[in-house]
Amino acid sequence: MLQAKDLAVGYGAETVARALTFDVQAGEILAVIGHNGSGKSTLVKTILGIESPQAGALTWTGGTPPQPIGYLGQLTDFDRRFPMRVCDLVETGGWSKLGFFDAAGAGARLRAGEAIARVGLNDIATLPLHKLSAGQLQRALFARTMVQDAQVIILDEPFAAVDQNTEADLMDHVLGWVAEGRSVIMVLHNLSTVLHHCARTLLLGRGTGRFGPSRAVLNAGALVEMGYLAADQARWLTGSLDGVTGGGVTGGGVTGGGGADA
C-alpha cells in the first residue's frame with residue numbers, strides 16, 4: 001500500500017528524522033513509536049501530504065495516495081468548544097467523499113447513525129461536544145473515521161486519555177478494519193498494545209528509525225539506544241517480555257517516551 005525509502009522528514013530546513021525505510025501492507029497495523037521529538041507527528045503529516053519529504057521517496061501503490069486517507073488526530077489538537085453535536089461531528093466524516101451538501105443528505109446521516117451506534121454513543125448523539133468526556137469524544141472521533149470509509153487509516157495516539165475498557169473497545173474496531181483489508185498506521189506508546197496487535201513497528205529516535213517485526217525491533221537494547229526507555233526501565237522490560245508468546249504479552253501495559261512531539 002505504501003513504501004518509504006531513505007525518507008527524511010522535518011519542517012523547513014530542520015530535519016527531524018532521516019534514513020527511514022519502511023512499508024505498510026494491506027490488512028496490517030504498522031505501529032509507530034518514539035520518544036518526544038522523535039518525529040512521529042512529522043511523519044504522519046508527511047504521509048498525509050501536509051508536509052513534503054525532505055529527501056527520499058514515499059511511494060503509494062497505484063502511484064497516488066488513496067482518497068480519502070482516514071485520519072484521527074490527537075485529542076490535544078481538538079477544540080471541543082466548537083458549537084457542534086456528536087452526530088454533526090460524525091457526519092463530517094463523509095465530506096471528503098461526498099462533499100459538504102451530499103454529506104448532509106439522508107444516506108450520509110444513516111451511515112453516521114450506524115457508526116454512532118457501533119461505538120456505543122446512541123444516548124448522547126445530540127449532545128454538544130463540550131459536554132463529552134475524553135473517552136466519549138474519542139469514541140465519536142472513531143465513528144467519524146468509520147464514516148470516512150478509507151483504505152488507509154492513520155491514528156495518532158488514539159488511546160490517549162481513555163480507560164482500558166474504552167481502549168479495548170476501540171481496538172476491536174481497528175482490528176475490524178484490518179480484517180476488511182485496510183491498512184492502519186497507529187502512533188502508540190503502550191508496548192503491550194504493539195506486541196499484542198501490531199506485526200511490525202517503526203521505532204523512531206535519535207534522528208532516525210528502525211523498522212521490522214515488532215518482537216525484533218522492541219528489544220531492550222534498541223529501546224534504550226533510540227531514547228525511548230531509560231536503562232532501569234529496560235531492565236524491567238526484559239523480564240516483562242518473558243510473558244510474550246506469539247502475538248501477545250501478559251500483564252499490564254508497558255509505556256515510555258510518551259507525549260506529543262515534533
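I started at Leu204, which stands opposite Gly209 in β9. This is a predicted model: local features need pLDDT of at least 70, side-chain atom pairs count only at pLDDT 80 or more, and totals for chains, interfaces and linings use all residues. Residues are numbered from 1 along each chain as its sequence is written, and side-chain values use heavy atoms, without hydrogens and water.

I then followed β8 (residues 200–205), which pairs with β9 in the antiparallel sense over 6 bridges. Strands are DSSP runs of E, at least two residues, numbered from the N terminus; two of them pair if DSSP finds at least two bridges between them. Thr201 has Gly212 of β9 as its bridge partner. The β8–β9 hairpin has 2 residues between the strands, and Arg206 takes a positive phi near 55° there.

On the other pairing, I found β3 and β8 parallel over 5 bridges. Val32 has Leu202 in β8 as its bridge partner.

Is β8 mostly covered or uncovered? It is mostly covered, with 6 of its 6 residues buried (buried means under 20% relative accessible area, 1.4 Å probe, protein chains only). I saw Arg200, Leu202 and Leu204 point one way, and Thr201, Leu203 and Gly205 the other. In a regular strand the side chains alternate between the two faces of the sheet.

Last, I checked the whole sheet. It is open and mixed, with 6 strands in the order β5-β6-β7-β3-β8-β9. β5 (69–72) and β9 (208–213) stand at the edges with a single partner strand each, so one side of each lacks a neighbour in the sheet.

Note on methods
Helix = DSSP H or I, 4+ residues; strand = E, 2+ residues; numbered from the N terminus. Buried < 20%, exposed > 50% of the residue type's maximum accessible area, 1.4 Å probe, protein only.
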